[in-house]
Amino acid sequence: MMDMICKLDVKKTGIFAAGVLFGTAGIKVLSSKDAKKVYVSCTAAVLRAKECIMKTVSIVQENAEDIYAEAVQVNDKRTAEEMEFEDESEADDDFQETPISEV
């Protein structure tokens, strides 16, 4: 039995005991009323930040929808103008069918 006690490494045993003590004390500290107050405060701050971010996101999304709608209108107008231009050029082509030498 004395041989076993002599073979124990005091440094490793001390480190293990300190770890157990630190872990037990850490659990006590983390589950205390003061720690709970800190957790509640931090969670409330995160929820407030989330609310602020969501408001900003909704504003940006509304602006993006407005920009998209205006862009569609611009493209529709441009397409309509191009169609009118093509119709006019086709009408001009009808007049140019007579050869110039006949004139």
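Is Cys42 buried, exposed or partly exposed? Cys42 is partly exposed, with a relative accessible area of 46%. Here buried means under 20% relative accessible area, exposed means over 50%, and partly exposed lies in between (1.4 Å probe, protein chains only). Cys52 is also partly exposed, at 48%. The structure holds zero disulfides, a disulfide being a pair of cysteine sulfur atoms within 2.5 Å.

The model is predicted; local features need pLDDT of at least 70, side-chain atom pairs count only at pLDDT 80 or more, and totals for chains, interfaces and linings use all residues. Residues are numbered from 1 along each chain as its sequence is written, and side-chain values use heavy atoms, with hydrogens and water left out. The predictor's confidence in each residue, pLDDT, runs from 0 to 100. Its mean over the chain is 82, and 77% of the residues reach 70 or more. Where pLDDT is low, the predicted coordinates should not be read in detail.

The chain has three helices and zero strands. From the N terminus, the order is α-α-α. Helices (H or I, at least four residues) and strands (E, at least two) are DSSP runs, numbered from the N terminus. Helix H2 covers residues 10-30, 21 residues in total. At 1.5 Å a residue, H2 should span 30 Å, and its end C-alpha atoms are 30 Å apart, which agrees. The expected span is 1.5 Å times one less than the number of residues. The number of buried residues in H2 is zero, so this helix lies largely in the open.

Across the 103 residues of the chain, 1% count as buried. The accessible surface comes to about 10,100 Å², and 65% of it belongs to carbon and sulfur atoms. These areas come from the Shrake-Rupley method with a 1.4 Å probe; for residues, only the protein chains shown count as cover.

Helix H3 spans residues 33-95 and contains both Lys55 and Glu51. These residues are four apart, about one turn of the helix. Their side chains meet in a salt bridge (3.9 Å, N to O). Lys55 is exposed at 52% relative accessible area, whereas Glu51 is partly exposed at 49%.

Val38 also lies in H3 and is partly exposed, at 48%. With Leu30 and Tyr39, Val38 forms a nonpolar surface patch of about 300 Å² accessible area together. Patches are made of residues with over 30% relative accessible area and no salt bridge; like charges are joined within 9 Å, and nonpolar side chains (Val, Leu, Ile, Met, Phe, Trp, Tyr) within 5 Å.

Terms used: A salt bridge is a side-chain nitrogen of Lys or Arg within 4 Å of a carboxyl oxygen of Asp or Glu.
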